[in-house]
Amino acid sequence: MFGLRLTENSIETIRRGTFDRMEALQILNLSHNKIRKIDHEAFNKNGNLQAIRLDGNHLSDITGLFTKLPNLVWLNISDNRLEIFDYALIPTGLQWLDIHANSIAELGNYFEMENQLSLTTFDASSNRLSEITGSAIPNSIEVLYLSDNRIAKVQSYTFFKKPNLTRVDLFGNKITTLDPNALRISAVPDDRALPEFFIGGNPFECDCNLDWLQKANALDSRTQPKLMDVASIYCKLLYNRGKMYVPLVEAEASQFLCKYETHCFALCHCCDFNACDCKMECPDRCSCFHDQSWTANVVDCSRAGYENKLPDLIPMDATQIHLDGNDLREVASHAFIGRKKLRMLFLNSSNIHTVHNRTFNGLRDLEVLQLDHNHLTALNGYEFAGLLNLRELYLQHNAIATIDNDTFSHLLELKILRLDHNHLTTFIFTALPGSLTDVHLAGNPWSCECDFVNRVKDFMSDVVKDRMNVKCTHVVISENDVTYPTTAHFRSRRGTVIDKVPENDGFYVLAENSSRICTGVHEIGNKSNLTSTKTILSQPPLNDYIPLLVVTLCGFLIVVVAILVIFVFRQEMRVWFHSRFGVRLFYRGSDTDKNERDKLYDAFVSYSSKDEAFVAEDLAPALENGDPQYKLCLHYRDFPIGPYSPDTIVQAVESSRRTIMVLSENFIKSEWCRFEFKSAHHQVLRDRRRRLIVILLGEVPQKDLDPDIRLYLKTNTYLQWGDKLFWEKLRFALPDVPNNQRRQTPQNRHQNTPIVIHQTPVTHFRNHNVNRHNNRNVAQQMMMSQQPLQPMIAPSAPMDQATTMSAPPNGPRTVAIHI
């Protein structure tokens, strides 16, 4: 019998031996029954089975059912009650597997069989998977369905070294963020299409770690898949005063923010103290957010209940501060001193009556200032001193009655000015800066005196956006008691209502008959010459020395700013000059240990075996094949196989001019905890010549760091993988290579490098994809009488002879150790 179909019955149990006489059976369909149990080895006599359907049953265990079926290529066990799955439960020759609609929480791979399986199509959708790792996906996979699970994390390099991959479906999971390497694939040849990934339907958060996803398809990269539904992805903004959800492709770069409570930069030395400018600590009752590069730092203290004072310890690097909705009453002098990066400040609706002299002193980069909906009564000319880059100033809905003529004259970058709905009666409009493009003046009781009305008409242009609503009111200004209106009443400064003006009093300034109905002098009782045209702003005289003084101050400021820029960005300048011209600025020859020039290797790379893909695919090729070409020490290629002792590691470090440590979460959890490795590498950490170069790969939890590593990161410069200047900074940290070694011929570049270890030559090849198992076999044959590695270069050989035996003059010299 070739095929047997028993579908849609009420079968509950299948006993051993049921199909033993059907040895020729190739297709078995038992779907949509009520099967709860199948005895182990029930199909062992049916070795010719190629396809089995068990979907739509009540199976909870498949242990021992399919492992003895070498010809099985098609298996459907979907829509059952499976909770545990491991690749050891299926034959290695299986090509098509469907386990969707079960309750599986993990794709187990206890025996690490991903290289032995033949699966090409795998459907694990509609289960309870919470995390996907590289070992959970067979290397032979082509089509993978993981939709409608509970996947919240996709580990870095999960889809790496899956060369046949064509489609991955991650739709409808719980993914909130993705690391840039989470979707990393092996380089796809130009003649093949990129794999198609579907990641929509996930609750993505537009945090600082997700900005790369917005432009993933725009990158011309053969190591990233094509995202088919990125245009349909909506993501949640962690901080936004408008929409909570926006399309990913429409989100602005400044909206990709992460929340923080406290943060201290690695180079900050005062984090353990309360008063520390480089320590970022979110104030009490506030929320703080930052972007990936910390160029945006938002402090939101809106409606936080602060009374008569500002929050303590507002971060010095804040770029936006929201203080609206509090009860501040007044803002003291130098209240925001030191916040040199502040660009937006919101003080609206904060019951502010007084702004003191130099309140905003030091805010040289401030662009937006909101003081609207407060109780300010006058501007005396000093409130906005020093705000040279201010572009938007909002003062509407206050009680401003007088404005000094110097208040806005120095704001040469001002574009938007809101003065509407105040108590202004007259104003000298020529005191406003010529850069204005948006002005609002309506809602003020402007004077109806003819001369002022004509001046207002002359000023009115497209710049005044509410010019058609600018209206004058018959206002009486007394020298003893200045009055101004609130709605339909005029109130004195003593607070008493002295008159009531009808709502239709006055006229619109731009009305056709405004020149005929304007007024002159208004009298109160027997007093005369008390008019509404009292000048509040006066034009200052210009003295002859002012231009010279301005030029001198500007020149001085330019010199000071240039010095400060050079001082602040001195490290970036050194890196840039070195990358462009090979010159190290401010570098003394004595800084280099001359003995290091005779060392055999330029750098020894220490890393976790789980990060081998990063080192082999990215780091090593760029350094060994670039300009200049460095000689690296890599574990699987250069060092004999065997147990590694502390002495072996120390010798490898001392034979190299630098040590590169790839610090990652894998590195900390697995390698750093070994006593031997820890004791050997502490010598590098304590080396005062700064021979150690630390590369941070991914997110590294600070709490898991060794105290010596944490101290080193705080007191020295480290490199972050993904930095725009990563390669330039790394080459700057590495030692200089002699000019005669900067470019090597292809013949020399691949020349073999013999290394003498106890006078036994071992040949290594400059190839990052050497099979480690082959290397291990060769090394075992050549080192059957292996002794401890003491030392790496035979001590009996003279220095010149050892050098000759170790490497050709222009060939690569490498020794590696596997951590």
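The structure is a predicted model, in which local features need pLDDT of at least 70 and side-chain atom pairs count only at pLDDT 80 or more, whereas totals for chains, interfaces and linings use all residues. Residues are numbered from 1 along each chain as its sequence is written, and side-chain values use heavy atoms, with hydrogens and water left out.

An open sheet of mixed pairing is formed by nine strands in the order 19-22-23-24-26-28-30-32-33, where strands (E, at least two residues) and helices (H or I, at least four) are DSSP runs numbered from the N terminus, and two strands count as paired if DSSP finds at least two bridges between them. Its edges are strand 19 (258-260) and strand 33 (438-440), each of which pairs on one side only.

Within this sheet, strand 23 (residues 297-300) directs Asn297 and Val299 one way and Val298 and Asp300 the other way, and all are buried, buried meaning under 20% relative accessible area, exposed over 50%, and partly exposed in between (1.4 Å probe, protein chains only). In a regular strand, side chains alternate between the two faces of the sheet. Strand 23 runs antiparallel to strand 22 (residues 287-290), to which four bridges join it; Phe289 has Val298 as its bridge partner, while Cys288 stands opposite Val299. Six residues lie between the strands of this hairpin, in which Trp294 takes a positive phi near 60°. Strand 23 and strand 24 (residues 320-322), by contrast, run parallel and are joined by three bridges, with Val299 opposite Ile321.

Five disulfides are found in a search of the whole structure, a disulfide being a pair of cysteine sulfur atoms within 2.5 Å. One of them joins Cys286 to Cys301, with an S to S distance of 1.9 Å, and is right-handed, with 110° about the S-S bond. Because Cys286 lies in the loop between strand 21 (279-281) and strand 22, and Cys301 in the loop between strand 23 and strand 24, the pair ties together parts that are 15 residues apart in sequence. Cys286 is buried at a relative accessible area of 11%, and Cys301 is buried at 0%.

In another disulfide, the sulfur atoms of Cys206 and Cys235 are 1.7 Å apart, and the torsion about the S-S bond is about -60°, so this link is left-handed. Cys448 and Cys472 also form a disulfide, with sulfur atoms 2.1 Å apart, and both cysteines are buried.
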